[in-house]
Amino acid sequence: MSKVQEVAKAVEMGKSKIVGGLTQEALDEGTSATEVLNAMIDAMAVVGEKFKNNEIFVPEMLVAARAMKKGVEVLKPHLASGAAGQAGKVIIGTVAGDLHDIGKNLVAMMIESAGFEVIDLGVDVPTEKFLEALKSNPDTKIVALSALLTTTMPAMKATVEALNGLENRGSIKVMVGGAPITQAFADEIGADAYTADAASAAQKAKELAA
């Protein structure tokens, strides 16, 4: 097994303690940082697939994403600036009035693992804050909104409506998700995409940004 394959395997198994060392060894052997990064991204895609098929659950997925973070820390100085965010920028946040962040964090981690640069605005994010983040990051490709309470669905609707009113709306995609959210609701409020879980969100983000 090559060092790069070992790195991928360690990420897939969530072995945070050894990922950094293996990543360094792969670099020392002359493997390019981008190649190692892509191997990790592929490993996370496998993890996402297993999660979708209920072969693993949220804890295992978090552990794998954490392991990948350790590897990326070692790679960062070697990556051409921006390679870690080569797929583009994603702004993510939980909408106003909602303090849930586990789902959002998981989506952020999976999207980051798919090669995006993630700007995480946190929880209870008012519409204005999303709009400000877009102003400061005009090259953003995707805005992802999360809501876990039925009571905060109107806040999600209001934010999407504000985004839909932007002049550059054609250049961004709006993704929504969270327990009470459905495809029908996403269609009704004018979002571009709805995904049911973090693995699908990362997959969808790749498609939308392509």
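A: The account below takes the pockets in turn, together with the strands beside them.

This is a predicted model, in which local features need pLDDT of at least 70 and side-chain atom pairs count only at pLDDT 80 or more, while totals for chains, interfaces and linings use all residues. Residues are numbered from 1 along each chain as its sequence is written, and side-chain values use heavy atoms, with hydrogens and water left out.

The largest pocket holds about 380 Å³ of space. On a 1 Å grid over the protein atoms alone, a pocket is an open set of points where a 1.4 Å probe fits, with protein on both sides within 12 Å along at least five of seven lines, and lining residues have an atom within 4 Å of a point. Points are joined across faces, edges and corners, and the volume is the space filled by probe spheres set on them. Its lining has 23 residues, of which Gly103, Val107, Gly177, Gly178 and Ala196 are the closest to the centre. At least two lining residues come from each of α5 (102–113), β3 (140–146), β4 (173–177) and α9 (198–209); helices (H or I, at least four residues) and strands (E, at least two) are DSSP runs numbered from the N terminus. The largest share, five residues, belongs to α5.

β4 runs parallel to β3, joined by five bridges; strands pair if DSSP finds at least two bridges between them. Leu145 stands opposite Val176 of β4, and the bridge partner of Val176 in β5 is Tyr194. The pairing of β4 with β5 (residues 193–194) is also parallel, over two bridges.

Contributions of at least two residues each come from α3 (33–52), α4 (58–75), α5 and β2 (116–120), and α4 gives the most, with five. Val72 lies in helix α4 and is buried, at a relative accessible area of 13%. Leu37 and Met40 touch Val72, residues up to four places away in sequence not being counted; contact means heavy atoms within 4.5 Å. Val72 and Ala84 are 12 residues apart in sequence, with their C-alpha atoms 7.9 Å apart.

Definitions and conventions: Buried < 20%, exposed > 50% of the residue type's maximum accessible area, 1.4 Å probe, protein only.
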